[in-house]
Amino acid sequence: MEKLFAPGCALVLYKPALAKRVENFLQEQGLIDGRLGLCCLNLPPLQPGTRLIDVCPGCNRRFGREYPEIELVSLWEILLESDFPFPDYSGLKLALHDPCPAREKPRIHNAVRQLLRRMNIQVLEPELTKKASQCCGDSFFAKVTIPEILLAMKDRAGQMPADEVAVYCVSCIKSMHNGGKTPRYLLDLLFAEPTEIQAYHPEEWHKLLDDYIAVH
């Protein structure tokens, strides 16, 4: 059975070195044979029985829909069962936003919250959370106008019960920033790195994604 890590386009665009750090850890633990470099939108040729570890909620949803004969597991679940050296954030309080593609994924919800607790982070839940989570606004791209997207981002960010918001989707980093909050990306927290905003305007960010996807 082949075991692969799928970092997803957004993470590789955001921090390629961080994606490599994750890959190296999984390799050292004997959990993967290699890395999947093709974008999930381009339907990579995965064989039945392949074990795929993903980190992107959108990839998780798409792989689950398009490849019913593979074993799909989120990185968050894998890290809980590993010897990962969790940093200690001394009771830091963070709001938590669950991304749209993870709405129907209680295993991911639970794993993310357990990881945050392992890092001594106190989770502050918004009213709309887990299965009832509201979109951060990014999924509306190309469906409504940019001002409407930015308004949706501000609306969702405004529901967060703290100024700092834990997210586990790279696009949600942009949305929470656009909405006036300080995002803290889960992988950054795990590897004790600062969360960077980088390109955050919806048009700029999606052009980067589209260009990357076109060649992967």
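Predicted model: local features only at pLDDT ≥ 70, side-chain atom pairs only at ≥ 80, totals over all residues.
The buried residues of α7 are Val170, Ser171, Cys172, Ile173, Lys174, Ser175 and Met176. Their cover includes the helices α1, α6 (146–158) and α9 together with the strands β7 (164–167) and β8 (182–185), where contact means heavy atoms within 4.5 Å. Helices (H or I, at least four residues) and strands (E, at least two) are DSSP runs, numbered from the N terminus. Just after α7, Gly180 takes a positive phi of about 95°.

A pocket is an open set of points on a 1 Å grid over the protein atoms alone, with protein on both sides within 12 Å along at least five of seven lines; a cavity is a set where a 1.4 Å probe fits but cannot get out, and lining residues have an atom within 4 Å of a point. The largest pocket has a volume of about 720 Å³, a volume being the space filled by probe spheres set on the points, which are joined across faces, edges and corners. Its lining comprises 27 residues, and Arg62, Asp138, Ser171, His206 and Leu209 lie nearest the centre. By class, 18 of the lining residues are nonpolar, four polar and five charged (Ala, Val, Leu, Ile, Met, Phe, Trp, Tyr, Cys and Pro count as nonpolar, Asp, Glu, Lys and Arg as charged, and the others, Gly among them, as polar).

Rolling a probe the size of a water molecule over the atoms shows where empty space is left. Two cavities of 30 Å³ or more are found in the whole structure. The largest cavity holds about 50 Å³, and its lining has ten nonpolar residues, with no polar and no charged ones. Among them are Pro7, Ala10, Leu11 and Val170. The second largest cavity, of about 40 Å³, is lined by Asp54, Val55, Cys56, Pro57, Ser74, Trp76, Ile108 and Tyr168. Here the lining divides into six nonpolar, one polar and one charged.

Ser90, in the loop between α4 (75–80) and β5 (92–96), has a positive phi of about 55° and is exposed at 62% relative accessible area. Asn120 lies in the loop between α5 (106–118) and β6 (121–124); its phi is positive at about 60°, and at 33% relative accessibility it counts as partly exposed. Most residues other than glycine have a negative phi.

The chain as a whole has nine helices and eight strands. Its radius of gyration, taken over C-alpha atoms, is 16 Å, close to the 17 Å of the globule rule (2.2 Å times the number of residues to the power 0.38) for 216 residues, so the chain is as compact as a globular protein of that length. Of these 216 residues, 52% count as buried.

Residues are numbered from 1 along each chain as its sequence is written. Local features need pLDDT of at least 70 and side-chain atom pairs count only at pLDDT 80 or more, while totals for chains, interfaces and linings use all residues, and side-chain values use heavy atoms, with hydrogens and water left out.

Note on methods
Buried < 20%, exposed > 50% of the residue type's maximum accessible area, 1.4 Å probe, protein only.
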